[in-house]
Amino acid sequence: MIAEAWDWAARVTEWGVANWSHPGESDRGVLPRLTEHMRLAYLSILIGLVLALPLGLACARWRPLYPPVLTGVNVLYSVPSIALFFLMLPYTGFSDWTAVVPLALYTLVVLLPNVVDGLRQVPDHVRQAAVAMGFGPLRRLVYVETPVAVPVIIAGLRVASVATISMVSVASLVGLGGLGQLILSDGFRRQFDAPIVVGIVLTVLLAFVTDAVLVLAQRLLTPWTRGDGGGAARPRRRRRAAVPTGADAASASAGTVGPEAADAARARYPVRTGRGPGYTAEEGRSWTS
Amino acid sequence: MITFEGAAKLYPDGTVAVDDLHLTVETGQTTVFVGPSGSGKTTSLRMINRMVEPTGGSVLIDGQDVRRRDPAALRRSIGYVIQQAGLFPHRTVRDNIATVPLLLGWGRAGARARATELMELVGLEPSQARRYPHQLSGGQQQRVGVARALAADPPILLMDEPFSAVDPVVRASLQDELLRLQEDLHKTIVFVTHDIDEAVRLGDRIAVFRPGGRLAQYDSPERLLAAPRDAFVESFVGYDRGVRRLSFFPARELSLREDVVFGDGTAAGTAAASMRGEPWALVVTDDRVPLGWVGAGQLARVPADTALGSLGLAPYGHTFAVGTDSLRAALDAAVLSPAGRAVGVDAAGRVVGVVSQDDLGTALWSVTE
């Protein structure tokens with residue numbers, strides 16, 4: 001049994017390696033299908049993202065716009081992809097656009113709620129503070145709200161990109177290339193499983209790698225969220241933040257009784273005479289030291 | 001000087017947030033807007049930097065109507081501290097503080113240098129410059145909030161319940177530091193709170209707002225506690241306003257008794273002889289550090305040559321600083337002392353004398369008349 005499975009895997013791998021590329025015939029082999037797949041998927045994701053950002057910003061800014069827009073894109077999403085591909089054929093023929101236009105729309109549909117929700121979850125006090133600091137509406141959107149929304153937007157992008165990468169395979173049904181072509185024409189029609197398996201494995205790998213790249217991108221783009229997700233990391237960081245400040249009042253709040261608590265108790269009822277505050281210069285740090 | 005001239009805010013649904021507000025905020029002073037929820041104090045504050053536009057009347061800064069200023073430019077010239085600090089989560093502490101200087105076009109280097117300066121001013125360690133807000137405690141976040149508001153050195157500082165989200169101990173120390181800061185900077189501060197104690201502690205002037213956005217009383221803290229204008233103000237300032245008002249009278253005018261303070265080497269007989277009917281005596285070390293109370297009855301029971309230091313003493317409770325504390329602190333010390341007497345100490349913690357509740361009562365009568 002195991003030996004049979006091993007043989008089968010070896011046969012599939014052998015086929016994949018043997019058909020990886022055909023020198024001189026740039027259109028045959030696994031590699032050209034893979035690059036086609038990547039081109040179609042990434043182009044769709046990119047266009048979807050480029051469309052979703054301004055649309056999401058507009059929906060977050062003018063709230064009444066969001067419900068009809070969301071309904072509209074959801075209706076689009078409910079149209080089967082294969083139908084859309086066929087609908088596009090008369091207009092765009094066998095060019096990339098036949099696959100890219102519907103797939104970009106799907107990306108848009110998945111991303112839009114994330115962009116809007118991401119912008120909406122910016123805490124109100126942060127938004128108010130930005131207004132009070134003198135940010136105009138546009139600057140606030142660009143420098144405060146969008147960066148704060150990035151983690152939520154990237155979470156949507158991860159879902160959208162995996163979905164798009166898998167949907168590109170369907171585009172092969174209409175003869176648009178990609179790894180789906182290995183599955184459909186080489187495998188299915190010829191009743192031959194090696195190309196099917198190679199196609200599936202490469203599609204999954206591509207999705208996996210893309211997802212990993214996005215996770216990495218998020219870590220680089222949003223260093224401020226680190227330690228925020230995992231509950232364990234946060235208190236550790238906090239404690240580390242508090243320790244070097246020592247005398248700081250804030251750290252005293254963590255412990256029950258500190259020198260600061262005694263200070264505060266002593267300063268409960270100080271004298272206030274006339275106009276100015278009549279305070280003693282207490283030992284310890286002060287704002288004016 | 002900030003002037004409200006009949007300022008009003010009426011929302012389309014009919015809610016009156018602020019109703020015909022006439023009020024002058026003096027330059028260089030701390031003015032506190034205090035009142036229950038829905039009394040329009042925050043709305044009034046936000047009229048100053050145009051975050052809320054009045055629907056009637058006007059708000060003037062140094063005689064100029066704020067509506068004639070560009071909102072963004074106006075706001076950059078006014079510091080603002082918000083509840084929960086409102087720090088930008090994606091920016092480091094230093095970049096948060098540098099926000100307004102950057103908006104004003106100081107350039108990155110200049111803005112960062114200024115931020116470093118302010119971190120020192122508000123008591124933040126330089127090592128915290130590159131941390132993100134969520135890595136700080138609530139108190140530290142508020143310090144960053146204050147530093148950010150002060151970054152462009154605005155003459156006016158608006159503070160909207162800035163300390164209400166931190167615990168009482170941290171709040172007390174933040175209040176102290178604000179007072180110290182204000183002693184040096186003399187900003188025109190408008191401070192919103194719902195906590196009358198905070199208002200009394202920080203304000204040079206206090207405006208009490210009542211529900212419906214009307215000004216109930218505008219006075220100095222002392223006058224507010226002494227003479228609330230009506231039943232609403234009286235209930236809002238609290239029924240212990242008499243005791244709280246004692247915060248405005250220094251303890252240094254109390255006459256302290258020194259004849260019932262004895263060194264720990266004094267013999268019980270000697271002490272008993274010189275107490276002349278006083279029920280309690282305070283025992284101190286040679287350096288006049290308080291040790292505790294000894295009762296007259298206890299002295300009568302022990303051999304006359306016993307040193308006071310070897311007796312079991314009643315704890316002296318907490319002391320008050322004669323030079324700097326208020327009558328409120330002295331009264332509190334007396335109330336908490338098992339002997340019913342408060343121990344007054346000098347700046348170095350050495351006993352100056354003691355005061356009984358009776359003597360304290362006489363003093364309270366005379367100052368608060």
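**Briefing: helices, sheets and loops in chains A and B**

In chain B, strand β1 (residues 2-10) and strand β4 (residues 56-61) run antiparallel and are joined by five bridges. This is a predicted model, in which local features need pLDDT of at least 70, side-chain atom pairs count only at pLDDT 80 or more, and totals for chains, interfaces and linings use all residues. Residues are numbered from 1 along each chain as its sequence is written, while chains are lettered from A and ligands numbered from 1 in the order in which they are written. Helices (H or I, at least four residues) and strands (E, at least two) are DSSP runs, numbered from the N terminus. Two strands pair if DSSP finds at least two bridges between them.

**The four-strand sheet of chain B**

- β1(B) and β4(B) belong to an open sheet of four strands with the order β2-β1-β4-β5 and antiparallel pairing.
- β2 (16-25) and β5 (64-65) of chain B are the edge strands, and each pairs on one side only.
- Across from B:A8 stands B:G56 in β4(B).
- Helix α1 (residues 41-48) of chain B lies across β1, β2 and β4 of chain B and runs at about 120° to β1(B). Angles run from 0 to 180 degrees between N-to-C directions, and axes are lines fitted to C-alpha atoms, for helices over the stretch in contact.

**The three-strand sheet of chain B**

- Three strands of chain B form an open sheet with mixed pairing, in the order β11-β12-β13.
- β11 (261-263) and β13 (290-295) of chain B stand at the edges with a single partner strand each, so one side of each has no neighbour in the sheet.
- Neighbouring strands of this sheet are turned by 35° against each other on average, direction ignored.
- β11(B) pairs with strand β12 (residues 280-284) of chain B in the parallel sense over three bridges, and B:V261 stands opposite B:L282 in β12(B).

**A hairpin in chain B**

- Strand β15 (residues 341-345) and strand β16 (residues 351-356) of chain B run antiparallel, joined by five bridges.
- β15(B) and β16(B) form a hairpin with five residues between them, and B:G349 in the turn has a positive phi of about 85°.
- B:A342 stands opposite B:V355 in β16(B).

**Two helices of chain A**

- The axes of helix α2 (residues 30-61) and helix α7 (residues 137-171) of chain A come within 9 Å and cross at roughly 145°.

- A residue is buried if 20 or more other C-beta atoms lie within 10 Å of its own, exposed if 12 or fewer, and partly exposed in between, with C-beta atoms placed from the backbone.
- Helix α14 (residues 327-336) of chain B is largely enclosed by the rest of the structure, because eight of its 10 residues are buried. Among them are B:L327, B:R328 and B:D332.
- B:Q84 lies in the loop between β6 (78-81) and α3 (93-97) of chain B; its phi is near 65°, a positive value in a residue other than glycine. B:Q84 counts as buried because it has 20 C-beta neighbours inside 10 Å.
- B:H186, in the loop between α7 (168-185) and β8 (188-193) of chain B, also is a residue other than glycine with a positive phi, near 50°. B:H186 has 14 C-beta neighbours inside 10 Å and therefore counts as partly exposed.

Note on methods. Contact = placed C-beta atoms within 7 Å.
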